[in-house]
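Trainee: Please show me the structure, and then let me ask about its parts one at a time.

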Amino acid sequence: MVRVILDKIKIWGLVVLLILLSNFSQGIDNLSAGGRSMALSHASVSISDTWAGFHNQAGLSGISRLSAGFYFESKFGIDELSMAASSVVMPAGRGAFGISLYQFGKGAFRENKVGLAYAHQLSEKWSAGLQLDYFAQRFPENENTANIVTFEGGILFRTSEKLHLGAHVFNPAKSGFDLPSGRQELPLTFRTGGKYSFDKSVLVVFEVEKGNDYPTIIKSGIEFLPAKNLAIRIGASGKPVKFTGGFGYSTGRFTADFAFGYHGNLGYSPSLSVQFDLQ
C-alpha cells in the first residue's frame, strides 16, 4: 500500500513538474536534438548537418554522405525527463531524404515524434525542405495515447561562403491533441536566423524564434576550432535566460558532441550525440 501511494505521489509530482517546465520553456513542444545544436543554444536554423531534420529540413540538402546520429539528453538530471533521439540522412541527387525520431519522458508520461523529410537544392544558393510529423503523447491522467499528424519546413539561402541565412516554420496547420480535458494545441512556431564564419576557426550563429502563444526568444552561439578536430562552443538564449556550452571531436567518419544547458531555476541538462558517415 505504501509503495502504491509513493508511486502515485511520484507520478503527480512529475505532472506538476511538466506543467512548470511548460511555463519555463514558453510552451515549445517541438523538441530539438544534437549536441552541437544544444551547445549553441539551438540557434541552428541555418546549420546543415545530420540533425537538420530537427531544426530546418532544408539543411539536409547539404549532406553528401549517408549518415546517422544518436542523441541523449538528461533534462535537469531527472531520469523521467530524459530524451533519446536518432536521425538518418540519405542523399539523393540534388536532394536528401531524412528520418528523425525522438522519445521524451518515461513511464507514465511519454512524448514520441517521427519525422519523414525531403530536402532539395533549388539552385546554387537556395535550398528548401519539408517534413511530415507524427506525434504521440501519453499522460498519467489519460487512459489512451493521443496522436496527431502535422508538418514543418524551411528554406536556406547561402548569400556567400561566409554568411548563410535560414527560416523555418512548424505546425502551420495548427494541429493539436484532443484530450478528455480539452484540446491541447501544438504551437505554430516561426524561426529565422543565420550563421557567419569569420574565418575557418570561428563561427557565430544567431536566431529569433516566435510562437503564436509565447514571447519572442533570441538565441546566439559561438563555435571555436582551436585544433583541426576539436570544437569548443558556448551559447545563450532567453527569456528566461539560459546558458549552454560544450565541445565536439571528430575523427574520420565519426563525430562526438557533448553539451550542457543551464537554467537558473532548474539546473543543468547534460547531453551527448554521436554521428557516423556510413558511406
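**Strands, salt bridges and a surface patch**

Mentor: Strand 13 and strand 14 form a hairpin with three residues between them. Helices (H or I, at least four residues) and strands (E, at least two) are DSSP runs, numbered from the N terminus. This is a predicted model, in which local features need pLDDT of at least 70, side-chain atom pairs count only at pLDDT 80 or more, and totals for chains, interfaces and linings use all residues. Residues are numbered from 1 along each chain as its sequence is written, and side-chain values use heavy atoms, with hydrogens and water left out.

Trainee: In strand 14, which residue is the bridge partner of L230?

Mentor: Two strands pair if DSSP finds at least two bridges between them. Strand 13 (residues 230-238) and strand 14 (residues 242-251) pair in the antiparallel sense over eight bridges. For L230, the partner in strand 14 is Y249.

Trainee: Which residue takes a positive phi in the hairpin of strand 14 and strand 15?

Mentor: Strand 15 covers residues 254-263 and pairs with strand 14 in the antiparallel sense over 10 bridges. One link between the two is G245 with its bridge partner F260. Two residues sit between these strands, and the one with a positive phi near 60° is G252.

Trainee: How many salt bridges does the structure hold?

Mentor: A salt bridge is a side-chain nitrogen of Lys or Arg within 4 Å of a carboxyl oxygen of Asp or Glu. One of them joins D257 and R233, with the closest N and O atoms 2.9 Å apart. That pair links distant parts of the chain, since D257 is in strand 15 and R233 in strand 13, 24 residues apart. The number of salt bridges in the structure is 10.

Trainee: Which residues are linked with R233 and D257 in a network of salt bridges?

Mentor: D257 and R233 are both buried; buried means under 20% relative accessible area, exposed over 50%, and partly exposed in between (1.4 Å probe, protein chains only). Besides this pair, the network holds R36 and E223.

Trainee: E152 forms a salt bridge with K113; how far apart are the closest N and O atoms?

Mentor: E152 lies in strand 6 and K113 in strand 4, so this pair ties together parts 39 residues apart in sequence. E152 is buried at a relative accessible area of 1%, and K113 is buried at 2%. Their closest N and O atoms are separated by 2.9 Å.

Trainee: With which side chain does the side chain of N30 make a polar contact?

Mentor: N30 lies in the loop between helix 1 (2-24) and helix 2 (35-39), and N30 counts as buried at 11% relative accessibility. A polar contact is a pair of N or O atoms within 3.5 Å; within protein, one must be able to donate a hydrogen and the other to accept it, and residues adjacent in sequence count only if both atoms are side-chain atoms. Here the distance is 2.7 Å, and the partner is K113.

Trainee: Which strand supplies the largest share of the nonpolar patch?

Mentor: The patch includes V88, V114 and F151, and its residues together have about 830 Å² of accessible area (Shrake-Rupley method, 1.4 Å probe, only the protein chains shown counting as cover for residues). Patches are made of residues with over 30% relative accessible area and no salt bridge, like charges being joined within 9 Å and nonpolar side chains (Val, Leu, Ile, Met, Phe, Trp, Tyr) within 5 Å. V114 is partly exposed, with a relative accessible area of 36%. The largest share, three residues, comes from strand 5.
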